[in-house]
Amino acid sequence: MKDRNCKKQFMDKNVFANETVRSILEENKEKIELIRKYNYNTAEHSINVCALSVACGYEMKLSEKDIKTLGTGALLHDIGKTMIPEQILLKPGKLTEEEMNIMKRHPEYGKLMLNETDAVTDIVLYHHENEDGSGYPAKISKVPLLAKIVHIADVYDALIRDRPYKKAYTPSEAIEYLYRESGTLFCADIVKEFVRSLPNQKV
């Protein structure tokens with residue numbers, strides 16, 4: 001009976017999450033189309049990060065308003081990459097220091113493109129900040145909660161996807177990485193909630 005109840009709760013959350021993601025995609029279809037025209041893989045990654053973040057938001061029992069903000073920021077977190085030259089984004093080998101510095105500006109470019117001062121923009125700007133203050137562009141440790149969630153979802157989806165410079169991790173390998181870097185790159189408590197929100201995970 002307990003397993004049935006847990007399964008039903010997961011299915012209910014999954015339904016709500018899917019409906020929320022559909023709504024966010026509809027409201028931001030012009031922006032996601034802009035990203036898709038620039039690079040299909042970046043658009044696909046953005047949608048995945050949106051879905052992962054929304055699922056985590058429901059697992060954490062955030063308010064509907066916060067989950068909508070979370071999903072929107074997650075969907076648009078890489079919009080600034082449309083201002084990065086494609087030869088840098090798609091380079092098959094390791095980036096040079098100069099190229100990496102250009103790439104690291106995409107959160108700031110994203111903020112400029114959105115031209116807003118709100119929680120969504122905070123997610124876009126701070127989604128590469130680490131728990132220990134070693135991230136970019138601001139190098140801060142006091143990061144907004146929603147940006148911390150997107151940071152985890154962003155890294156997880158990046159790890160399980162083939163990239164020009166690396167082979168994809170398995171989901172279990174990606175989860176292991178999240179736990180290993182908890183407290184350094186990621187908030188340990190949010191990592192636990194994120195993993196719980198993934199299908200077939202019991203933590």
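Residues are numbered from 1 along each chain as its sequence is written, and side-chain values use heavy atoms, with hydrogens and water left out. As the model is a prediction, local features need pLDDT of at least 70 and side-chain atom pairs count only at pLDDT 80 or more, while totals for chains, interfaces and linings use all residues.

Helices (H or I, at least four residues) are DSSP runs numbered from the N terminus, as are strands (E, at least two). Helix 2 (residues 29-38) packs with helix 3 (residues 40-59) at an angle of about 140 degrees, and their axes lie 5 Å apart. Here axes are lines fitted to C-alpha atoms, for helices over the stretch in contact, and angles run from 0 to 180 degrees between N-to-C directions. The angle makes helix 2 oblique to helix 3; angles under 35 degrees count as roughly parallel, over 145 as roughly antiparallel, 65 to 115 as roughly perpendicular and the rest as oblique. From helix 2, Ile 32, Ile 35 and Arg 36 meet Tyr 40, Thr 42, Ala 43, Ser 46 and Ile 47 of helix 3, where contact means heavy atoms within 4.5 Å. The residues of this contact of helix 2 with helix 3 comprise five nonpolar, two polar and one charged. In this scheme Ala, Val, Leu, Ile, Met, Phe, Trp, Tyr, Cys and Pro count as nonpolar, Asp, Glu, Lys and Arg as charged, and the others, Gly among them, as polar.

The second pairing joins helix 4 (residues 64-75) and helix 9 (residues 145-159), packed at an angle of about 50 degrees with axes 10 Å apart. Helix 4 is therefore oblique to helix 9. On the helix 4 side, Asp 66, Thr 69, Leu 70 and Ala 74 meet Leu 146, Ile 149 and Val 150 of helix 9. The residues of the contact of helix 4 with helix 9 divide into five nonpolar, one polar and one charged.

Next come the two buried residues. His 77 sits in the loop between helix 4 and helix 5 (86-89). With a relative accessible area of 0%, His 77 is buried (under 20% relative accessible area is buried, over 50% exposed and in between partly exposed, with a 1.4 Å probe and protein chains only). Leaving aside neighbours within four places in sequence, the contacts of His 77 include His 45, Ser 46, His 106, His 127 and Val 150. Pro 107 belongs to helix 7 (residues 106-114) and is likewise buried, at 0% relative accessibility. Not counting residues up to four places away in sequence, Pro 107 touches Val 124, Leu 125, His 127, His 128, Tyr 136 and Pro 137. The C-alpha atoms of Pro 107 and Ala 138 are 10.0 Å apart, across 31 residues in sequence.

Finally, the backbone deserves a look. Most residues other than glycine have a negative phi, and most peptide bonds are trans. The peptide bond from Tyr 136 to Pro 137 is cis, with omega near 5 degrees, and Pro 137 lies in the loop between helix 8 (119-126) and helix 9. Lys 139 is placed in the loop between helix 8 and helix 9 and has a positive phi of about 55 degrees although it is not a glycine; at 55% relative accessibility, Lys 139 counts as exposed. Asn 115, in the loop between helix 7 and helix 8, has a positive phi near 55 degrees and is exposed, with a relative accessible area of 64%.
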